[in-house]
Amino acid sequence: ITGGPGTGKTHVLNTMVGMLPEGAVRVCATTGCAANNIDGDTAHSMFHIGVRGRNNDGRLTGRHLAAMQAESTNTYLIAMDEAGMASLDFTGRASIHTEQARQGDELRVRGPISISRHMDQQQLPAVGGNS
């Protein structure tokens with residue numbers, strides 16, 4: 001979902017979340033202020049990015065992997081608001097961690113988790129990374 005400031009991206013996100021079963025959609029944003037506006041988590045917290053329990057290839061391990069899997073049990077969509085502020089590196093790690101949340105029988109039964117990105121395309125590029 002894209003659009004300039006004040007065009008209703010967050011309203012669409014909140015409407016979408018309200019139409020689906022509780023827990024089916026988890027919401028996050030790239031900044032704490034934006035996360036607070038949507039009653040969600042920061043994207044770093046949602047995707048467990050910036051944790052030490054991760055292999056060199058960016059994959060989660062140990063308790064961080066277990067937490068990501070437990071938090072995503074009933075999730076089918078993660079909606080990330082202000083996604084234009086996330087670097088390509090961050091977005092790649094988020095994708096890897098989301099894939100790790102569903103593996104084996106869990107993936108076969110429930111299917112993959114999708115990531116929906118909501119952004120203002122005229123926004124300044126991500127700080128400290130490729131946008």
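The model is predicted, so local features need pLDDT of at least 70 and side-chain atom pairs count only at pLDDT 80 or more, while totals for chains, interfaces and linings use all residues. Residues are numbered from 1 along each chain as its sequence is written, and side-chain values use heavy atoms, with hydrogens and water left out.

Helix α4 spans residues 62-71, and its buried residues are H64, L65 and M68. Buried here means under 20% relative accessible area, exposed over 50% and partly exposed in between (1.4 Å probe, protein chains only); helices (H or I, at least four residues) and strands (E, at least two) are DSSP runs, numbered from the N terminus. The three sit on the same side of α4 because they cover an arc of only 100° around the axis, taken from the directions from the helix axis to the C-beta atoms. Over on the other side, G62, R63 and A70 are exposed. The buried residues of α4 pack against α3 (43-47) and α5 (88-101).

As for salt bridges (a side-chain nitrogen of Lys or Arg within 4 Å of a carboxyl oxygen of Asp or Glu), the whole structure has two. In one, E71 pairs with R26, with the closest N and O atoms 3.7 Å apart. That pair ties together distant parts of the chain, as E71 in helix α4 and R26 in strand β1 are 45 residues apart. R26 counts as buried because its relative accessibility is 14%, whereas E71, at 35%, is partly exposed.

A24 lies in the loop between α1 (9-19) and β1 (25-29), and counts as buried at 10% relative accessibility.

Conventions: Contact means heavy atoms within 4.5 Å.
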